[in-house]
Amino acid sequence: TVDGRPGESYSGHVILVHPRIDSMTRTALVRMEIDNPDLLLRHGMYATALLKVEIAPRAKFQSVSARW
């Protein structure tokens with residue numbers, strides 16, 4: 001959802017996740033590609049996103065939950 005467009009939902013694809021995560025807010029900048037045929041979405045609008053992620057069967061990652 002986008003703060004400037006309450007009640008509306010959009011679908012898209014993440015094309016970039018900034019490597020720096022703010023340790024105080026646990027947020028990161030994300031660039032997404034979203035269809036915007038009516039030009040209702042503008043650059044820099046704040047949004048809250050729900051991401052669906054598939055993890056490769058052999059993927060290895062380090063848990064960072066203990067840091068927060």
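My entries on a surface patch and on one tyrosine follow.

I began with the ground rules: this is a predicted model, where local features need pLDDT of at least 70, side-chain atom pairs count only at pLDDT 80 or more, and totals for chains, interfaces and linings use all residues. Residues are numbered from 1 along each chain as its sequence is written, and side-chain values use heavy atoms, leaving out hydrogens and water.

**Entry: the patch**

I looked up a nonpolar surface patch of about 670 Å², made by V14, V17, V30, M32, I34, L51, V53 and I55. Nonpolar side chains are joined within 5 Å, like charges within 9 Å. Areas come from the Shrake-Rupley method with a 1.4 Å probe.

Which element gives the largest share of the patch? I found that β2 does, with 3 residues. Strands here are DSSP runs of E, at least two residues long.

**Entry: Y10**

Next I turned to Y10, in the segment before β1.

I then listed its contacts (heavy atoms within 4.5 Å). Leaving aside residues up to four places away in sequence, Y10 touches V2, R5, I34 and L41. Of these, I34 lies in strand β2.

I also noted a polar contact of 2.6 Å between the side chains of Y10 and E8; such a contact is a pair of N or O atoms within 3.5 Å, one able to donate a hydrogen and the other to accept it.

Conventions:
Patches are made of residues with over 30% relative accessible area and no salt bridge: like charges are joined within 9 Å, nonpolar side chains (Val, Leu, Ile, Met, Phe, Trp, Tyr) within 5 Å. A salt bridge is a side-chain nitrogen of Lys or Arg within 4 Å of a carboxyl oxygen of Asp or Glu. Helices (H or I, at least four residues) and strands (E, at least two) are DSSP runs, numbered from the N terminus.
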